[in-house]
Amino acid sequence: IPSVSADDYRLEIAGAALERPLSLSLQDLRRDFALAEVVAVCQCSGNRRGLFEPPVVGLQWGHGAMGNARWRGVRLADVLARAGLKSTALEIAFDAVDAPPLDATPDFIKSLPIGKALHPDTLIAFEMNGAPLPEPNGFPVRLVVPGWTATYWIKHLNKITALESPEKSFWMSTAYRMPRSTFPLVSRFPSQESGERTPVTEIAVNSLITSMEADGALIAGRSELRGIAWDSGLGIDRVEVSFDQGLTWRRCELGENLGPYSFRPWRADWPALPPGQYEVWARAANRAGQVQVEKPVRSAGAP
């Protein structure tokens, strides 16, 4: 985690697909552009990777490689417009102040397709939950890409490059890619697709039961039955629970809606069940008709 002085910080914007380069301070960003805010889930592409059998390469995350926060900053589109974005722009690439832990590790450079880069909810953020970004969360500035996995949410952002051809870094052309047939894409990244391989992009529709005891148990009638659901921003339509391993489903009550990219809380009443032990299942579905899958989707080759 780099230590960056807010007073010395500069964000460099350049590239063949811009009319003019820019060099912006943190004060420039706050003063010269309209502020924007979004509540959004930041979730690692490898969330639940540790549950695969056999294991896959990368940090063995369980369910918790994610968080939900209120992000505030300026629109990436406004900054690119100030630099004179050309019609020839294909992708926007991002680099950061941080450095790899080993010399052999490639620099972590990611890119976005021009449509996602110009989306009004894609932000250059400098606040999290009403306060300056903490250092572990990207101080002084990070990219916020609502609906897409956190591999694109570059922390400690200091360089933006407008490209007329696809970014070829290791982290784009090799890592974080999946067979297209296994990945339920709505928002695609055509310039980075290669044959049947496609980049991991959007967050899959998902849910969790969060009211368990420490050992993962629920006690009927005494434990609350509640949780969270989220997706790529298409909007949660419903959450259902099952007590017979998916043979029948009961609809849950949805809680406060903080926006399409946010966690959506849910709750359900306990049904009348004969005494015994049961598995409680939960699944979410979004407004595009996507339903949470029963088994994790393997992201082969995605560290």
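Is Glu-37 buried, partly exposed or exposed? I found Glu-37 partly exposed, with a relative accessible area of 43%; buried means under 20%, exposed over 50%, and partly exposed in between, with a 1.4 Å probe and protein chains only.

A note on sources before I go on. This is a predicted model, where local features need pLDDT of at least 70 and side-chain atom pairs count only at pLDDT 80 or more, while totals for chains, interfaces and linings use all residues. Residues are numbered from 1 along each chain as its sequence is written, and side-chain values use heavy atoms, with hydrogens and water left out.

**Entry: salt bridges**

I searched the whole structure and got 14 salt bridges (a side-chain nitrogen of Lys or Arg within 4 Å of a carboxyl oxygen of Asp or Glu).

I looked up the partner of Glu-37 and found Arg-70, with the closest N and O atoms 3.3 Å apart. This pair links distant parts of the chain: Arg-70 sits in strand β4 (residues 66-75) and Glu-37 in strand β3 (residues 35-43), 33 residues apart. Helices (H or I, at least four residues) and strands (E, at least two) are DSSP runs, numbered from the N terminus. Arg-70 is partly exposed at 36%.

Next I checked Arg-30, which bridges to Glu-127 at 3.2 Å between the closest N and O atoms. Here helix α1 (residues 26-32) holds Arg-30 and strand β7 (residues 123-128) holds Glu-127, 97 residues apart. Arg-30 is partly exposed at 37% relative accessibility, whereas Glu-127 is buried at 12%.

I also noted Arg-238 and Glu-240, whose side chains meet in a salt bridge at 3.6 Å, N to O. Arg-238 is partly exposed at 22%, and Glu-240 is buried at 13%. Through shared partners, salt bridges join Arg-30, Glu-37, Arg-70, Arg-72 and Glu-127 into one network.

**Entry: the whole fold**

I counted 4 helices and 19 strands in the protein. The radius of gyration is 21 Å, close to the 19 Å that the globule rule gives for 303 residues, so the protein is as compact as a globular protein of that length. That radius is taken over C-alpha atoms, and the rule is 2.2 Å times the number of residues to the power 0.38.

Along its principal axes, the C-alpha trace spans about 70 × 40 × 35 Å. Of the 303 residues, 46% count as buried.
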